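Here are some exercises to work through with the model open beside you. Try each task on your own before reading the solution below it.

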Amino acid sequence: MTTSNPPINTSAGTISGNRGLQLEEPLIFEMDVPGRSGVDLPDVPKHKERLAGMKRKGAVGLPGLAESQVVRHYTKLSQKNYAIDMSVYPLGSCTMKHNPRINEKIARLPGIADLHPMQPVSTVQGALELIDTLAHWLKTLTGMPAVAMSPAAGAHGELCGMLTIRAAQLAKGDARKRILVPESAHGTNPATAASIGYEVDPVPADERGRVDLAAFKAKLGPDVAGTMITNPNTCGLFENDIIDIADAVHGAGGYFYCDGANFNAIVGRVRPGDLGVDAMHINLHKTFSTPHGGGGPGSGPVVLSEALAPYAPLPYVVHGANGFDLVEHDGGKSFGRLKGFHGQMGMFSRALSYILSHGADGLRQVSGDAVLNANYLQASLRSDLSVAFPGTCMHEALFNDDFLEGTGVTTLDFAKAMIDEGYHPMTMYFPLVVHGALLMEPTETESKDGLDRYIEVVQGLARRAKAGDAAYFHGAPYHTPRRRLDETLAARQPILRWKPEETKKAAE
Ligand SMILES: *Cc1c(COP(=O)(O)O)cnc(C)c1O
C-alpha cells in the first residue's frame with residue numbers, strides 16, 4: 001500500500017480536539033448540567049418522613065444530561081474500542097479468534113437466554129443436556145474421564161484444579177507445600193498457587209525455551225504437591241519432555257496441573273490425558289471461540305483424572321433413568337462449591353455451537369490452521385525481526401527485541417506505532433524469559449491476505465526503526481485522541497471518584 005500523506009506535523013492540533021472520525025469525548029461527569037434530565041418526573045407529593053434516620057446526606061452525584069447526550073456519549077465510547085470484528089487482534093496468549101455469528105444466534109434463543117438458575121430441574125432438561133453434551137466433547141477431546149464445568153474463567157479453573165489437588169492430598173493426610181512453576185508461566189499460575197497458600201518454586205527455562213528437565217527433577221521432593229505447566233507453553237512451543245515431566249512429578253507423589261489455555265494449538269491432535277495430565281482447564285472463550293477481553297465473560301471447565309474426580313466441585317450434572325439432574329450435595333469428598341449456580345450458560349451454548357458446527361474433523365483443522373498461520377507470520381518476519389527461539393512454533397510466534405538494538409526504539413515504542421497503523425499491538429514484554437518480547441498469535445481465523453497486510457506493517461515499522469527514525473517512534477501514537485498516558489501515575493494514583501478540583505490538580 002502506498003500513501004502520499006504529507007509528513008505529520010505533531011504540533012498542529014485540531015480546533016475541536018477531534019481527529020477525523022476519532023471524536024474527543026469528556027467524562028460523563030464533566031458534561032453534567034445540574035437539573036438536566038432525559039425524563040420529566042412529577043414533583044414528589046407531600047408525605048410524612050418515616051425513614052428519616054436513613055435519609056441520604058447529600059446528592060447522589062449522578063450527572064444531569066439529556067437522553068441524546070447519553071446515547072452519543074456511550075456510542076462514542078463504544079467507537080473507541082478495537083475489536084476482533086474490525087481487524088487482526090494479534091495478542092499472543094489470548095487466542096482472539098473470529099466468533100461465528102451462529103454462536104450468538106444460538107446463545108440468544110429464548111430457551112437458553114431466558115433461563116433462570118433457580119428454575120426447577122424438570123423445566124431445564126434441555127439446558128442440562130447441553131451442559132452434559134459439552135462435557136462429553138471436552139472429555140473426549142482431552143482424553144480425560146471427568147470435567148468440572150462451573151469455573152468461570154481460566155484463572156478460576158486453575159483455582160478449581162489446585163483446590164482439587166489439595167483436597168486429594170489432604171484426604172491422604174499428605175499436606176504438601178511446594179508447587180513447581182516454570183519461569184515462562186502465565187502470571188495466573190503462580191498467583192493461583194500462592195493464593196491458596198502454596199509456596200511457588202520457579203523452574204528455569206532452557207535455551208530451547210522449554211522447561212529445563214534436569215533443573216525440574218532436581219527440585220522434586222516429598223514436599224512438592226505438584227507442578228503447573230502450560231503446554232504448548234507461553235513461548236508458543238510444545239514442551240517435548242512433557243511425558244518425562246509427568247512421570248517425574250508422579251514418581252515424587254505430586255500431581256500435574258496443565259494450563260490448557262493454549263489448547264487451540266493441539267485440539268483434535270493431542271489428548272492431554274495421554275500426556276499424564278491430572279487436571280487441566282480449558283478456556284472455552286479461547287479455544288472454542290465466544291467473545292472475550294476487557295474482563296468480559298469467560299468459562300474455564302477443568303478436566304480431571306480418575307484420581308482427582310471425586311474431589312471436584314459441586315454442583316454437577318448427572319444423567320439417570322428420569323432424565324438429567326443436578327447433584328448439589330453428594331456427602332462425599334468434593335471440596336465444595338466454587339461459585340453460585342452451575343457455570344456460564346451463555347458460554348456453554350456458544351462453545352457447543354462452535355464445536356458442533358466444526359465437527360471432529362473441523363476442530364482438527366482448527367489447530368492445523370492456527371499453527372500454519374503462526375508459522376507463516378514467523379517465517380515472513382524472520383529477516384526483519386528476531387525470532388526468540390529457533391525452529392517452527394506452535395500457535396504463536398515469539399520475537400525478542402534484538403532487532404531493535406542500537407535503534408533507540410523499544411518494544412513499547414514499536415507497539416505505540418502499531419496503533420497509528422490501525423492495529424492492536426501484539427502482546428509485549430511477555431513471557432518474561434524473553435527480552436523485550438513481542439508475542440503474536442494470529443489464530444486460524446485470519447485469512448492469508450489479512451496476514452499479509454499485517455506483516456507489511458510490522459516489516460515497515462521494523463525497517464523504519466532500523467533506518468534511524470527513533471524520533472518518530474518516541475512520538476507515537478499520533479492519530480489517537482490521547483497520546484501516551486502516564487501509566488505509572490494512573491496505576492499509583494487512580495482517580496476512582498469524580499471530584500472536579502482534584503482531577504484538575506492531578507492533570508496539571
Ligand atoms: C488466558 C490465559 C490464562 C487465564 O485465563 P483467563 O480466562 O483469562 O482467566 C491462563 N494461562 C494462560 C497461558 C493464558 O493464556
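**Exercise 1. Determine the strand order of the seven-stranded open sheet in this predicted model, and find which strands stand at its edges.**

Solution. Start with the order: the 7 strands run β1-β7-β6-β5-β4-β2-β3, and their pairing is mixed. Next, look at the ends of that list. β1 (146-148) and β3 (199-203) each have a single partner strand, so one side of each is left without a neighbour in the sheet. Finally, follow the twist, which averages 25° from one strand to the next.

**Exercise 2. Work out in which sense β2 and β3 pair, and the hand of the crossover between them.**

Solution. First, count the bridges: β2 and β3 are joined by 5, in the parallel sense. As a landmark, take R178, which faces E199 in β3. Then trace the chain from β2 through α6 to β3; this β-α-β crossover is right-handed.

**Exercise 3. Describe the pairing of β5 with β6, and how helices α6 and α8 lie on the sheet.**

Solution. Begin with the strands. β5 (residues 255-259) and β6 (residues 279-281) run parallel and share 3 bridges; C258 has M280 in β6 as its bridge partner. Helix α6 (residues 188-195) lies across β2 (178-182), β3, β4 (224-230) and β5, at about 155° to β4.

**Exercise 4. Find the partners of β11, and decide whether its faces are covered or open.**

Solution. One partner is β10 (residues 386-387), which pairs with β11 in the antiparallel sense over 2 bridges; here S386 has N400 as its bridge partner. Another is β13 (residues 438-440), also antiparallel to β11, over 3 bridges, with L398 opposite L439. For the faces, recall that side chains in a regular strand alternate between the two faces of the sheet. In β11, A397 and F399 lie on one side and L398 and N400 on the other; all are buried, and both faces are covered.

**Exercise 5. Locate E421, decide how accessible E421 is, and name its contacts beyond its neighbours in sequence.**

Solution. E421 is in the loop between α11 and β12 (427-428). Its relative accessibility is 35%, so E421 counts as partly exposed. Leaving aside neighbours within four places in sequence, E421 is in contact with V457 and L461. For a sense of distance, E421 and L338 are 83 residues apart in sequence and 43 Å apart in space, C-alpha to C-alpha.

How values were computed:
Residues are numbered from 1 along each chain as its sequence is written. This is a predicted model: local features need pLDDT of at least 70, side-chain atom pairs count only at pLDDT 80 or more; totals for chains, interfaces and linings use all residues. Side-chain values use heavy atoms; hydrogens and water are left out. Two strands pair if DSSP finds at least two bridges between them. Helices (H or I, at least four residues) and strands (E, at least two) are DSSP runs, numbered from the N terminus. Axes are lines fitted to C-alpha atoms, for helices over the stretch in contact, and angles run from 0 to 180 degrees between N-to-C directions. Contact means heavy atoms within 4.5 Å. A crossover is right-handed if, with the strands pointing away from the viewer, the path from the first strand over the helix to the second runs clockwise. Buried means under 20% relative accessible area, exposed over 50%, partly exposed in between (1.4 Å probe, protein chains only).
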